[in-house]
Amino acid sequence: LLSFLTTRVTKSDVEDWKKLKRGLTFIKNTIDEKRIIGANSLTDLYTWVDSAHAVHPNMRGHTGGAISMGYGIIHGKGSKQKLNVKSSTEAELVKFSEYVPYNLWILMFLEEQGYKIKNNVIYQDNESTIRMLKNGRNSCMGNSQHINIRYFFVKDRVKKGEIKVEYCPTLLMLADYFTKPLMGERFRELRRVIMGHKSIFDLNPLLLQPIKEHVGENEEL
């Protein structure tokens with residue numbers, strides 16, 4: 001909410017002021033809540049990355065990401081994307097290139113502390129994007145062929161075994177908290193996980209086992 005409103009400071013309207021008031025009231029009522037950060041295992045790292053397509057006045061998307069080791073998040077971010085794209089699939093690919101460096105930084109930091117990450121999983125809810133991330137240009141057809149090669153650096157990381165990209169149903173996408181105006185029980189449920197009041201496995205017990213999805217890998221041309 002705040003990252004969105006800061007893009008509206010020079011042209012805010014009545015609805016923006018209502019959103020700001022609601023946000024400030026929420027912060028005031030929850031300011032004393034404790035945030036818990038913990039790990040189920042020091043060898044497992046879980047990341048969720050999501051985007052909302054063309055939600056800003058200039059039609060740019062919004063990127064959100066969250067990283068956890070079991071309880072609470074050790075990194076979370078919501079920000080406007082740096083360029084316009086033509087589809088939600090492209091928005092997801094761009095957001096990956098923007099957020100994955102945070103995952104890799106934490107990966108290298110933990111290894112320097114003596115903790116070797118054996119299971120580094122990044123969750124995505126768009127299967128077309130997963131194909132692009134795993135296969136690179138081989139999965140770019142038609143309207144996606146113009147995408148700049150720099151957005152495929154994740155494919156190299158996948159090929160090296162540094163990260164795994166797996167499918168996550170949209171309703172279990174933790175990063176939605178940073179990209180969409182959630183309301184009701186879903187907002188409260190994701191917030192409990194982000195604050196560490198519930199384990200990430202309480203949100204989705206299937207995270208202990210990869211969710212099956214039908215995305216194959218093609219050999220690079």
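Biologist: Why is Gly76 called partly exposed?
Modeller: This is a predicted model, in which local features need pLDDT of at least 70 and side-chain atom pairs count only at pLDDT 80 or more, while totals for chains, interfaces and linings use all residues. Residues are numbered from 1 along each chain as its sequence is written, and side-chain values use heavy atoms, with hydrogens and water left out. Buried means under 20% relative accessible area, exposed means over 50%, and partly exposed is in between (1.4 Å probe, protein chains only). Gly76 is partly exposed because its relative accessible area is 35%.

Biologist: Which residues does Gly76 touch, leaving out those up to four places away in sequence?
Modeller: Contact means heavy atoms within 4.5 Å. With that cut-off, the residues touching Gly76 are Gly65, Ala66, Tyr99 and Phe178.

Biologist: How far apart in space are Gly76 and Gly65, C-alpha to C-alpha?
Modeller: In sequence the two glycines, Gly76 and Gly65, are 11 residues apart. In space, their C-alpha to C-alpha distance is 5.5 Å.

Biologist: Which strand holds Gly76?
Modeller: Helices (H or I, at least four residues) and strands (E, at least two) are DSSP runs, numbered from the N terminus. On that numbering, Gly76 lies in strand β5.

Biologist: What is the strand order of the open five-stranded sheet?
Modeller: Two strands pair if DSSP finds at least two bridges between them. The pairing in this open sheet is mixed, and the order is β5-β3-β2-β6-β7. Pairing on one side only marks the edge strands, which are β5 (75-80) and β7 (164-167).

Biologist: Which residue in β6 stands opposite Leu45?
Modeller: Strands of a sheet pair through backbone hydrogen bonds, either parallel or antiparallel. Strands β2 (residues 44-52) and β6 (residues 119-124) run parallel and are joined by five bridges. Opposite Leu45, the residue in β6 is Asn120.

Biologist: How many helices and strands does the protein chain have?
Modeller: From the N terminus on, the elements run α-α-β-β-β-β-β-α-β-α-α-β-α-α. The secondary structure comes to seven helices and seven strands.

Biologist: What percentage of the contacts with a separation of 6 or more joins residues 24 or more positions apart?
Modeller: The protein chain has 221 residues, of which 46% count as buried. Among its contacts with a separation of 6 or more, the share from residues 24 or more positions apart is 66%.
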